[in-house]
Amino acid sequence: MISLYDTATRSVAPLELRDPSKVSMYVCGPTVYGPAHLGHARMALVFDVMRRYLQWSGLEVTFVSNVTDIDDKIITRAAEEGRDPAEFAKAWERAWYSTMESLGVRRPDLDPHATDYVEQMVGTIGELVAKDAAYVTSDGVYLAVDSVADYGLLAHQSLDEMLEGGGDRDLVGTEKRNPADFVLWKFAKPGEPSWPSPWGEGRPGWHTECVVMSLDLLGDDFDLHGGGVDLAFPHHENERAQAVALGRPFSRRWAHNGFVEVGGEKMSKSLDNFTTVDDLLARHDPRALRLLILQAHYRSPVEVTASSMANAEAALGRLDALARRTVDLDSDAVASEDPARMAAFRARMDDDLDTPGAMAVLFGCVTDANRALDSGPGGRAEAAPIVAAWRCMLDAVGLDVVAETDELPPEVLELCRRRDEARAQRDFAAADALRDELTAGGWVVEDTASGTAVRRD
């Protein structure tokens, strides 16, 4: 069973499941008001890999990721563009899923929308008010955080410590009882989208959306709640606080991925230092971004630069080269993966999703498979279980390889034919000269069991 770091306990421990054969998993999805940036992409890729690996390991995964389709930013941006907020959000949601598809990120099993859950959110807020865990002011309904005994668990600070920690704690112009109290229901301003409630027309707060949707779709005591580390506090803490105040068991495990950084600083829209995913993919192979993310531990920061992407693309080239070289390898070998290599891969992935370690095992397969293929007679039989294990590992992390080559011009096919003939006759000088001619024409030349293979550089 996989062990994962738990933000709540600050420790790595086996993922204990509500049902031993099933994983219930909620990951905070996008607020749809603009293009996805690389911070969003890392979160999506990390939890896509986690989901795929759990499924590959034989578990039945229910993966829920919400869409926040009503929010202050959506209202503001839509107004700036003179568009209806609902239509505006739908357009950016379509853009989000198009970008995720480009990255090979699978769609959630369920993608609840905040606007479809407003009635349930009003009911939840009503329960909190009835329990004296929430109160009404002139601008909305707030959760009283001092009603939650362990508030601050995910931040690893008590309420008093958080209030002593500085930041903007100005109470002027508000009726909050405590600076840390957070809004559950915002009363609408003129012209804003709104829904009815016992306290007045308005819309739900962000923190209430996720707790209501996750509990409705996954039930109490679900297995895993994930997102970027910036969501641990206050968003996830405020979700958890509402569940605690309601007396409902919430997530068993909290998993958070690290930042994408630019010069050591978090990449974010608010800092205006972000690169959109679409901009990056206009210059680079999307598979290279997945590989780059896999080569860093999910809890560590990672920098996505032209240099790091070039390195990832070079590594991807090694994978594609082996795929081309083994495209005609006996497919029956898929049933006999090298057991020692598979065990090493599982050990790394089961240890807090150690994808850098797993990638070392995977690329070790590339080196050893090529060495076996180069060793002469019997090399293909030796390589077969290694390649089978390698293919299995690729599948576990959702990393595609490309074995196809471009349709070749007749003159290039003729040079390849002549080179194969020269090699068969052991005329290596002629074979080398033909290789040089192909290389000068911009082709990368590879020797395979079926003859000369070429691809564009």
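Predicted model: local features only at pLDDT ≥ 70, side-chain atom pairs only at ≥ 80, totals over all residues.
How many bridges join strand β9 to β10, and do the two strands run parallel or antiparallel? Five bridges join them, and the strands run parallel.

Some overall numbers before the details. The protein chain has 457 residues, and 51% of them count as buried. There are 15 helices and 15 strands. Taken along the principal axes, the C-alpha atoms fill a box of roughly 90 × 50 × 35 Å. The accessible surface is about 20,300 Å², with 49% of that belonging to carbon and sulfur atoms. If you take the contacts with a separation of 6 or more, 74% of them are between residues 24 or more positions apart.

Back to the strands. β9 covers residues 224-228, and β10 covers residues 253-257. In the pairing, G226 stands opposite A255 of β10. To get from β9 to β10 the chain passes through helix α7, residues 232-246, and this β-α-β crossover is right-handed.

How much of β10 is buried? Five of its five residues are, so the strand is largely enclosed by the rest of the structure. Both faces are covered: R253, A255 and N257 are buried on one side, W254 and H256 on the other.

P234 lies in α7, and the peptide bond joining F233 to P234 is cis, with omega about 10°. As a reminder, most peptide bonds are trans.

C28 sits in the loop between β3, residues 22-27, and α1. The C-alpha atoms of C28 and G226 are separated by 6.7 Å, although the two residues are 198 apart along the chain. C28 is buried, at 3% relative accessible area. Leaving out residues up to four places away in sequence, C28 touches M43, S65, N66, C210, H225, G226, L231, H235, H236 and E239.

Next, the nonpolar core. The largest one has 85 residues. Those with the most contacts inside this core are M25, F47, L103, L289, L319, F345 and W390. Helix α1, residues 38-56, gives the most to the core, with 12 residues. To take one member, L319 touches L362, F363, V366, W390, L394, L399 and V401, again not counting residues up to four places away. The general background is that nonpolar side chains tend to be buried together in soluble globular proteins.

L289, another residue on that list, takes us to helix α9, where it is buried. Eight of the nine residues of α9, residues 286-294, are buried, so this helix is largely enclosed by the rest of the structure. The buried ones run from R287 through A288, L289, R290, L291, L292 and I293 to L294. Their cover includes α1, α8, β13, α10, α12 and α13. At the start of the helix, a side-chain oxygen of D285 reaches to within 2.9 Å of the backbone nitrogen of R287.

R290 in this helix deserves a separate look. Is R290 buried or exposed? R290 counts as buried, at 3% relative accessibility. What does its side chain find there? A polar atom of the R290 side chain lies 3.2 Å from the backbone oxygen of L103. The backbone oxygen of G398 lies 3.3 Å from a polar atom of that side chain. Beyond four places in sequence, the contacts of R290 are L45, D48, V49, R52, L103, G104, V105, V397, G398 and L399.

Last, two residues with positive phi. Most residues other than glycine have a negative phi. H156 has a phi of about 60° and lies in the loop between β6 and α5. D352 has a phi near 55° and lies in the loop between α11 and α12.

Definitions and conventions. Residues numbered from 1 in each chain as written. Heavy atoms only, no water. Buried < 20%, exposed > 50% of the residue type's maximum accessible area, 1.4 Å probe, protein only. Helix = DSSP H or I, 4+ residues; strand = E, 2+ residues; numbered from the N terminus. Pairing = 2+ DSSP bridges. Right-handed = clockwise from strand over helix to strand, strands pointing away. Core = buried A, V, L, I, M, F, W, Y, C linked by side-chain atoms within 4.5 Å. Contact = heavy atoms within 4.5 Å. Areas by Shrake-Rupley, 256 points an atom, 1.4 Å probe, with all protein chains shown as cover. Polar contact = N/O pair within 3.5 Å; in protein donor to acceptor, adjacent residues only side chain to side chain.
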